[in-house]
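Here is my note on the model you asked me to look over. Please read it with the structure open beside you.

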Amino acid sequence: MVLAIPGRADGPFGLLNFCRSASAGSAILAAPIPRFIGSGETQWRDFAAGLALSIRNAVHTHELTLVPVVVVGHAEGADAALDLIACHADAISAAIIINPTRIMRSPATNLDGMDVLLASPKGAGSANGAALQIEKCLMEAGARVICEWVLRSRVIRKRDELMARIFLSALFR
């Protein structure tokens, strides 16, 4: 099962189509676009708690306890996915984080066994620093991280889709 968390610039079906293509045949749980602005930690934490509850309800309702859950987040949705990892890592199996817009807080639990694809804009500046901090934070918590540098973009590109497809096929062959 895939949990899709779009960013504010994503079209209504952009990330859903991305997830359908990257993980054909998987059930997709669509999250709302995070609408709050800034770094209000309580808002982000509450949003992540709501996502974790949605995952657990879907898994229970559809009897999917043996199905791995992969969270896919883009831009602000990637930030929300990182908060989900930090606060509720037990709700997911793997993550695809594309173009996060802010740094990650340290995970509350050990992330041993979690695989993460981190696709972040290359170049100097705050985006590069944020990606390095996120990678370090995830690795120190025990996650296996693949970090790919991509072109800066507010929309998901075909290359992102291909990276996600390869990542998922390697995880679940």
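The points below go from the basis of the values to the fold, the surface and the salt bridges.

1. This is a predicted model, in which local features need pLDDT of at least 70 and side-chain atom pairs count only at pLDDT 80 or more, while totals for chains, interfaces and linings use all residues. Residues are numbered from 1 along each chain as its sequence is written, and side-chain values use heavy atoms, with hydrogens and water left out.

2. The chain holds 5 helices and 6 strands, where helices (H or I, at least four residues) and strands (E, at least two) are DSSP runs numbered from the N terminus. Read from the N terminus, the order of elements is β-α-β-α-β-α-β-β-α-β-α. The radius of gyration, taken over C-alpha atoms, is 14 Å, close to the 16 Å that the globule rule (2.2 Å times the number of residues to the power 0.38) gives for 173 residues, so the chain is as compact as a globular protein of that length.

3. Of the 173 residues, 50% count as buried, a term that means under 20% relative accessible area, with exposed meaning over 50% and partly exposed in between (1.4 Å probe, protein chains only). Where contact means heavy atoms within 4.5 Å, 66% of the contacts between residues at least 6 apart in sequence join residues at least 24 apart.

4. By the salt-bridge rule (a side-chain nitrogen of Lys or Arg within 4 Å of a carboxyl oxygen of Asp or Glu), the count comes to 9. One of them pairs D83 with R105 at 3.3 Å, N to O. Because D83 lies in helix 3 (residues 76–88) and R105 in the loop between strand 4 (94–98) and strand 5 (115–121), this pair ties together parts that are 22 residues apart in sequence. Both D83 and R105 are buried.

5. Is the pair E140 and K136 buried or exposed? E140 is exposed, and K136 is exposed as well; their side chains form a salt bridge of 3.9 Å, N to O, and the two residues, 4 apart in helix 4 (residues 126–140), are separated by about one helical turn.

6. In helix 5 (residues 158–171), E161 and R165 are likewise 4 residues apart, about one helical turn, and their side chains meet in a salt bridge of 2.9 Å, N to O. E161 is buried at 11% relative accessible area, whereas R165 counts as partly exposed at 33%. Elsewhere, salt bridges that share partners join D83, R102 and R105 into one network.
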